[in-house]
Amino acid sequence: HVDDVVRGFLAAMDGPSASGVYNIGSGVGTTINDVYKKISSTLGFDIPPNHEIAAQGELRYSIANIDKARSRLGYEPQHRFDQSIVNVIREITENKQ
């Protein structure tokens, strides 16, 4: 969530032990299937996903290890994907013109 990223950036800029490189993220893996399921259930449709063969070199897994940001910056994500995506979808659908 952008609020978490901003909070992480500010902690890295202002913290006493902020020099270095930090991963800022949720620290929780979310698959494309998880994203699809959450969006489709929120929108109320039941269309099976179309799975394709992965492209050569495509990453299967990528999860930010945020341990260093937690320990040195006091960073802790406040937003979860499953709730944040519902809020984004609600905002888009309610403000559609």
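1. The count comes to three salt bridges, by the rule that a side-chain nitrogen of Lys or Arg lies within 4 Å of a carboxyl oxygen of Asp or Glu. This is a predicted model, in which local features need pLDDT of at least 70 and side-chain atom pairs count only at pLDDT 80 or more, while totals for chains, interfaces and linings use all residues. Residues are numbered from 1 along each chain as its sequence is written, and side-chain values use heavy atoms, with hydrogens and water left out.

2. Asp 4 pairs with Arg 7, the closest N and O atoms being 2.3 Å apart. The two are three residues apart in helix 1, and so are separated by about one helical turn. Asp 4 is buried at 3% relative accessible area (buried means under 20%, exposed over 50%, partly exposed in between; 1.4 Å probe, protein chains only). Arg 7 is partly exposed at 35%.

3. Glu 76 forms a salt bridge with Arg 70, with the closest N and O atoms 2.9 Å apart. Glu 76 is partly exposed at 36%, and Arg 70 is partly exposed at 34%.

4. In the salt bridge between Asp 82 and Arg 80, the closest N and O atoms are 2.7 Å apart. Asp 82 is partly exposed at 29%, whereas Arg 80 is exposed at 56%.

5. Ser 84 lies in helix 4 (residues 81-94) and is buried, with a relative accessible area of 12%. Leaving aside neighbours within four places in sequence, Ser 84 is in contact (heavy atoms within 4.5 Å) with His 1 and His 79.

Key: Helix = DSSP H or I, 4+ residues; strand = E, 2+ residues; numbered from the N terminus.
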